[in-house]
Amino acid sequence: MSTTTTTTPAKTFQELGLSELTLQSILAMGYETPTAVQQESIPIALSGKDLVVQSRTGTGKTAAFGIPVVEKIDADVPKVQAMVLTPTRELTSQVCEELTKIGAGRGLRVLAIYGGDPIDKQINGIRDGAQIIVGTPGRVLDLLKRRELVLSSVQSLVLDEADKMLDMGFAQEMSEIMAFVPKDRQSSLFSATVPLGIKGIIHNFLNDPVSISLSDDFAYVREVRHAYIIAPTAQKERILYQLIELDQPSSSMIFCNTKNEVRSVSTFLSRQGLPVAMISSDLTQKKREQVMAQFRSGEILHLVATDVAARGIDVFDLSHVFIYSTPDSPEDYIHRAGRTGRSGRAGDVVSLVAATDLMNFNRLANRYELELTERNVPTEEEALQKRNERLIDRVLTEARDSASKGRTEMDGLATVILEHEDRNTIVSYLAHQRLVQRPKDVAADEPGGDAGDAEVVEIKADKTSDNGERIAEKKSPRRRRRPRRPEGRR
Ligand code: AMP
């Protein structure tokens, strides 16, 4: 395999020799300068060579393969000319969305195909002349076997997050799919790690690829501020809530080790009136998409997830990552922390470390030479003050917004009510109704989602479910007590 090293040449998108139409699309997306992985890989992909890129989500890798893929499509030919395989439906949707934007100038048709979505709709999309297919291996193979998807005109093949595709057991499907793609195609493989299985794929399916490895895999995680807080297990939910109130993240992800923790933390935060949702592998596709849309729109600010459920979710501009439970594997810490501080932006990672987690936490801190700051547990007063500021701000914004929309039909009623009752009592009642009473309790929609009624479960640390998520073992059907509210908030 030939190899390039990774200096970072100061190139612009113009210097990469792209067509005017693609350049316009890229600029319309707000991309001004190519990221390192784009600078390195776009010229090689455009030259027609096969490519292996070791790069993580968050580095701009989608456009790194998306731009050359788009550039090579003949816009006048209504046949599938490029295919991107990805491990998850979320990633498929995100890649499809990004490729659609990059290909907008050239008027290209990009289609996402994945399980869980009606197959007829996807078949119609193919028949309508899709030129780029982005899909998960299972559904792609299904459509190939039905002869609905024909790949004989494919010139570019991309394997995105190839290591995760292997982890998720797609090796067989990937090999079978390769048999449907012309041999003289150009192939690119993107992977965060290059374990033995990936080396096998490279050997079997790529042709003397150029290998690009970004000089420092963990560089962007080093840009992030890493802090920890010693938190007794029994108080973690309350401390997390106080931290959120204190820091007022513009958006955050909260990582837990188990699904039960996710459910419990999400319900607890939701009860405090925070706009929070959980993402779990139990959610239906529709529900996941709904939650992700709310998160992206800012309606939900905090997303609670396990590593497995968060896999493939592409969220950016997170101001905070909270590590509610220390991961067993140091790599998982890097994956979690890497959700913030992307594209060179600053971010905060705060770990809640219980006494039992200290050894694990020390191990990962040493392994990555993290510069850690210890934070104190926020006081109730600090958190309460911040919370009040947040609620006042929100109620005033909503009230002004309503007034600006001319919603004055209740004005008369307001006058009458205020004649009968003290202004404070009324305002406090309405604010409580509007802001504190579980305004966005998405968790409650889920099976067993209300932790207040959930069964008590005992976590077996080393039990793993089929999809890799740790599972909990039922102990007894006793009812669990409602989580304690912070002092002064009863
Ligand atoms: P990715 O690694 O493809 O998941 O991309 C990470 C994030 O960076 C996404 O939000 C992209 O929209 C964004 N992005 C990709 N390329 C650029 C660029 N050249 N300039 C600014 N943002 C970018």
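This is a predicted model: local features need pLDDT of at least 70, side-chain atom pairs count only at pLDDT 80 or more; totals for chains, interfaces and linings use all residues.
Figure 1. One of its members, I392, is found in helix α17, which spans residues 380-404. I392 has 49% relative accessibility and counts as partly exposed, because the exposed class begins over 50%.

**Figure 2. The tilted aromatic pair of Y228 and F361.** Three aromatic pairs are counted in the model. In the pair of Y228 and F361, the ring centres are 5.5 Å apart, with 50 degrees between the planes. Y228 belongs to strand β9 (residues 225-230) and F361 to helix α16 (residues 358-367), so this pair ties together parts that are 133 residues apart in sequence. Y228 is buried, at 18% relative accessible area, and F361 is buried as well, at 3%.

**Figure 3. The edge-to-face pair of Y333 and F361.** Here the ring centres lie 6.4 Å apart and the planes meet at 75 degrees, so the pair counts as edge-to-face. Y333 sits in helix α15 (residues 330-337) and F361 in helix α16, and the pair links these distant parts of the chain, 28 residues apart. Y333 is buried, with 0% relative accessibility. Y228, Y333 and F361 together form one aromatic cluster.

**Figure 4. A lysine charge over a tyrosine ring.** The charged end of K236 sits over the ring of Y324. The distance to the ring centre is 5.2 Å.

**Figure 5. Positive phi at E161, in a loop.** Most residues other than glycine have a negative phi. E161 is not a glycine, yet its phi is positive, at about 50 degrees. E161 is placed in the loop between β6 (156-159) and α7 (162-167). Its relative accessibility is 6%, so E161 counts as buried.

**Figure 6. Positive phi at D208, in a loop.** D208 is not a glycine either, and its phi is positive, at about 40 degrees. The loop that holds D208 runs between α9 (196-205) and β8 (210-213). D208 counts as exposed, with 51% relative accessibility.

**Figure 7. The chain as a setting for the close-ups.** The chain has 490 residues, and 51% of them are buried. Its secondary structure comprises 19 helices and 17 strands. Among contacts between residues at least 6 apart in sequence, 76% join residues at least 24 apart. The accessible surface comes to about 23,200 Å², and carbon and sulfur atoms account for 50% of this area.

Technical notes: Residues are numbered from 1 along each chain as its sequence is written. Side-chain values use heavy atoms; hydrogens and water are left out. Helices (H or I, at least four residues) and strands (E, at least two) are DSSP runs, numbered from the N terminus. Buried means under 20% relative accessible area, exposed over 50%, partly exposed in between (1.4 Å probe, protein chains only). Contact means heavy atoms within 4.5 Å. Accessible areas come from the Shrake-Rupley method with a 1.4 Å probe; for residues, only the protein chains shown count as cover. Rings of Phe, Tyr and Trp (its six-membered ring) pair if their centres lie within 6.5 Å; planes under 30 degrees apart count as stacked, over 60 as edge-to-face and the rest as tilted. A charge sits over a ring if NZ of Lys or CZ of Arg is within 6 Å of the ring centre and within 35 degrees of the ring normal.
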